[in-house]
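Colleague: I am new to this structure. Could you take me through it?

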Amino acid sequence: MEPEWKNELAPLLKNNEEWAKKKAIDDPNYFAVSAKEQVPPYLWIGCSDSRVPAIQVTGLESGQIFVHRNIANLCTHTDFSFLSVLEYAVMILKVRHVIVCGHYGCGGIKAAMEEHHLGLVDNWLRHVRDVYFTNKEELEKISDPRVRMNRLVELNVIRQVQNISHTTIVQVAWSKKQPLFIHSWVYDLSTGKIKDLSNSFSHIDQLEEIYRIKPAIDNN
Ligand code: CO
């Protein structure tokens with residue numbers, strides 16, 4: 001007897017078969033080239049939300065963007081998954097751009113503004129509560145809860161870009177004069193459009209002094 005879930009997954013496998021066939025017809029070398037290496041110029045750090053797929057919303061192809069996603073697109077210096085992705089992208093793939101892309105209407109950001117107990121994720125979202133607390137004065141001047149939440153989405157992205165810039169990984173790259181730009185974007189679920197918050201970091205001088213490190217430079 002076939003397992004009851006078989007029908008639920010069948011469309012995915014069928015789609016995959018058709019996609020692989022079409023790709024190979026359009027470009028007979030596609031998979032041979034793809035299997036050889038990846039040289040993406042971008043690292044995308046986004047929310048796990050199923051409505052914000054990095055490749056589709058940027059119109060890129062497979063192989064062009066390295067991706068890390070978690071709930072509320074957080075970049076914290078004790079998260080080894082995030083740090084490993086960042087280090088690999090910067091040191092090995094040598095991406096030029098790191099993009100943190102939050103999204104309006106983010107459930108993670110909303111949850112961080114409420115008192116409900118959801119589970120383990122409440123501990124993860126404590127980072128967002130810290131962003132709220134730091135910007136409490138600005139946020140509480142906004143009376144419309146939806147507008148306030150969307151501003152927290154933006155402030156959260158800005159904080160994550162600072163967090164990335166504070167890592168030893170980025171500061172070592174900058175000290176070696178490796179071009180590396182870190183950008184703050186927000187995706188709008190209702191229009192499909194991305195807003196650039198014009199808050200990009202590319203130099204140690206942009207960091208508050210307490211976060212600056214002088215890496216021992218190995219120029220090799
Ligand atoms: Co989200």
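Modeller: What follows covers the cysteines, a pair of helices and a lysine. This is a predicted model, in which local features need pLDDT of at least 70, side-chain atom pairs count only at pLDDT 80 or more, and totals for chains, interfaces and linings use all residues. Residues are numbered from 1 along each chain as its sequence is written, and side-chain values use heavy atoms, with hydrogens and water left out.

Colleague: How many disulfides does a search of the whole structure find?

Modeller: The search finds 0 disulfides, a disulfide being a pair of cysteine sulfur atoms within 2.5 Å.

Colleague: Are cysteine 75 and cysteine 47 buried or exposed?

Modeller: Cysteine 75 is buried at 0% relative accessibility, and cysteine 47 is buried at 5%. Buried means under 20% relative accessible area, exposed over 50%, and partly exposed in between, with a 1.4 Å probe and protein chains only.

Colleague: Turning to helices, which residues make the contact of H9 with H10?

Modeller: Ile164, Ser165 and His166 of H9 meet Thr168, Val170, Gln171 and Trp174 of H10, where contact means heavy atoms within 4.5 Å. Helices are DSSP runs (H or I, at least four residues), numbered from the N terminus.

Colleague: And where is lysine 136?

Modeller: Lysine 136 lies in helix H8, residues 136-140, and is partly exposed at 37% relative accessible area. Its C-alpha atom is 9.8 Å from that of leucine 152, 16 residues apart along the chain.

Key
Helices (H or I, at least four residues) and strands (E, at least two) are DSSP runs, numbered from the N terminus.
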